[in-house]
Amino acid sequence: MKISVADVEYAARLARLELTPGEKELFAGQIGAILGYVEKLKELNTEGIVPTSHAVPMENAFREDVVQPSIGVKKALANAPESEGSFFAVPKVIE
Amino acid sequence: MRYQPVIGLEVHVQLLTDTKIFCGCSTKFGAEPNSQTCPVCLGLPGALPVLNKKVVEFAIKAGLSTNCSITPRSIFARKNYFYPDLPKGYQISQFEDPICQWGWLDIKIDGEESKRISITRIHMEEDAGKLVHGELSGQNDGSGVDLNRACTPLLEVVSEPDLRSSDEAVSYLKQLHQIVTWLGICDGNMEEGSFRCDANVSVMPVGSDTFGTRAEIKNVNSFKFVKQAIEYEIQRQIDLIEDGGTVVQETRLFDPNSGTTRSMRSKEEAHDYRYFPDPDLVPLVISEEWVERSRQELPELPEQRQQRFMAELGLPPYDAEVLTASRALADYFEAGVAAGGNAKTVGNWIMGEITRALNDSGTPIESCPVSPVQLAELLKLIDNGTISGKIAKTVFDEMWRSGKAPQSIVEEQGLVQVSDTGAIESIIDEIMAANAAQVEDYRGGKDKMFGFFVGQVMKASKGKANPSVVNELLLNKLKG
């Protein structure tokens with residue numbers, strides 16, 4: 001399957017990845033090869049087969065609506081690159 | 001050229017569960033920022049979401065109450081995008097196979113026939129966190145992120161583009177709001193964002209069957225603003241087209257201060273959410289038995305209750321509609337009737353005195369200081385002639401203030417109605433003697449003077465004279 005550099009750039013932007021021109025070429029080829037491999041599935045007759053969304057045959061895992069202790073502000077913010085008071089601090093977001 | 005607006009609404013309904021949709025953190029409003037968080041709602045690596053069963057039960061109830069089909073097998077999907085209030089980099093939502101599909105609501109606008117508005121789908125999803133601006137002190141002029149709200153359960157109710165005016169949109173919204181609050185699955189607080197609406201608005205030439213390009217308006221948090229935002233947007237698009245421009249598909253933000261909408265640049269990028277089934281959450285299978293059980297548990301809905309109030313209690317349609325505005329109001333009314341009140345009279349008092357007092361004091365009907373039983377007792381005192389309807393209002397005010405029973409207020413303040421003809425006659429005699437000129441006028445043909453005499457007698461009796469006795473005696477005496 002042919003994947004263009006433009007396709008790679010589009011996906012990279014959605015994923016917030018910065019790629020060098022060399023990487024774009026490299027990944028275009030690699031992604032194309034992976035998708036080409038998956039294409040092979042089209043050769044199979046899948047009529048009557050339900051699309052698989054999950055690999056494990058399991059359903060309905062629930063929890064009851066009962067409050068469990070939270071971990072606390074200190075722990076919640078422990079891994080934050082920046083925090084202030086009880087908030088995570090991020091660059092200014094303007095709408 | 002004349003234009004036809006086309007409107008579809010997406011409503012987010014925050015569910016009244018105690019915990020979040022995928023973890024056990026509390027959903028209580030107003031806690032210290034980030035104090036109600038855990039690895040799941042913080043999106044920490046390796047944390048696994050587990051679905052809150054109550055969210056499913058609420059969703060089924062919402063679906064059944066809006067005439068939807070419940071999807072036997074539905075799945076959760078990841079909606080991928082980056083934003084600082086979304087810790088995982090994706091929102092867990094439903095894409096294909098949402099829990100409810102193909103419903104409808106009949107809306108009614110004054111003086112028009114009811115109109116059916118289709119509901120495309122209702123799906124479950126998690127809310128994002130909250131961004132605060134300008135609250136960080138010190139050298140940091142950035143934004144703050146509070147993830148207490150992250151992972152709070154929402155239903156998104158999506159209508160078909162069946163609405164044709166701002167009035168229809170508001171009518172639909174009000175009905176949906178009434179249903180979710182009636183079911184007790186949402187507190188309906190629009191200011192706090194528990195019930196919020198995005199409107200998709202486009203215009204097309206009248207008679208066309210091709211929709212125009214739509215703009216999505218966000219951030220509308222009251223019925224009034226929904227009307228304003230939609231009307232502004234319709235006019236903006238018409239003006240744009242008339243001036244030779246084209247409407248672009250975009251997200252616009254409503255500004256309640258100016259009543260206008262403006263483009264949200266930050267969201268201009270093409271939406272490409274790359275939805276895919278969330279492997280962390282197993283499929284949700286809802287059996288017919290489960291649906292049936294939910295159906296049995298549904299309360300009598302507003303529409304049904306209105307019909308019953310008309311059929312069983314003989315209420316006029318207007319009264320039935322007003323008294324079923326909320327479940328609490330309808331319950332109050334029925335409790336008053338059950339306590340022996342006449343349905344029409346109880347209804348009148350609720351729509352009159354009680355509503356006025358509730359509004360004046362900003363009290364919800366749930367905390368009305370006068371109980372329905374007390375109201376019925378008060379009405380009994382009018383019925384059996386103990387007090388007049390006028391005095392009843394004074395007694396009501398005192399009941400509202402002190403919470404005392406009407407009977408004891410009447411006794412304490414000596415408000416018992418005077419029906420004793422002798423006592424009333426002597427008052428009338430005094431009044432007539434003191435107003436001889438007016439008596440002459442009346443006898444000379446000025447019938448209107450009658451009201452003057454009634455007023456004087458009632459005043460002299462401090463409102464306690466029985467009005468019908470007063471009328472009768474006055475008529476006789478004035479004849480001379």
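**Exercise 1. Describe the second largest pocket of this predicted model: its volume, its lining and the elements that supply it.**

*Solution.* 
Step 1: Start with volume. The second largest pocket takes up about 1400 Å³.

Step 2: Turn to the lining. There are 41 lining residues, and those nearest the centre of the pocket are B:Q175, B:Q178, B:E303, B:Q306 and B:E321.

Step 3: Sort the lining by class. It has 18 nonpolar, 15 polar and eight charged residues.

Step 4: Trace the lining back to elements of chain B. At least two residues each come from α2 (53-65), β7 (100-107), α3 (166-182), α4 (223-242), α6 (302-313) and α7 (317-323). With nine residues, α3(B) gives the largest share.

**Exercise 2. Work out how helices α9 and α10 of chain B pack: their angle, the distance between their axes, and the residues that meet.**

*Solution.* 
Step 1: Recall what is needed. A pair of packed helices is described by the angle between the axes and the distance between them.

Step 2: Read off both values. Helix α9 (residues 343-361) of chain B packs on helix α10 (residues 372-383) of chain B at an angle of about 110 degrees, and their axes are 11 Å apart. Angles of 65 to 115 degrees count as roughly perpendicular, so α9(B) is roughly perpendicular to α10(B).

Step 3: The crossing of α9(B) and α10(B) is right-handed.

Step 4: Find the contacts. From α9(B), the residues B:T345, B:V346, B:W349, B:I350 and B:I354 meet B:L375, B:L378, B:L379 and B:I382 of α10(B). By class, this contact of α9(B) with α10(B) has eight nonpolar residues, one polar residue and no charged ones.

Key:
Residues numbered from 1 in each chain as written. Chains lettered and ligands numbered in written order. Predicted model: local features only at pLDDT ≥ 70, side-chain atom pairs only at ≥ 80, totals over all residues. Heavy atoms only, no water. Axes fitted to C-alpha atoms, helices over the stretch in contact; angles between N-to-C directions. Helix = DSSP H or I, 4+ residues; strand = E, 2+ residues; numbered from the N terminus. Parallel < 35°, antiparallel > 145°, perpendicular 65-115°, else oblique. Left-handed = near helix turned anticlockwise from the far one by under 90°. Contact = heavy atoms within 4.5 Å. Nonpolar A, V, L, I, M, F, W, Y, C, P; charged D, E, K, R; others polar. 1 Å grid on protein atoms, 1.4 Å probe; cavity = no way out; pocket = protein on both sides within 12 Å on 5 of 7 lines; lining within 4 Å. Points joined across faces, edges and corners; volume = space filled by probe spheres on them.
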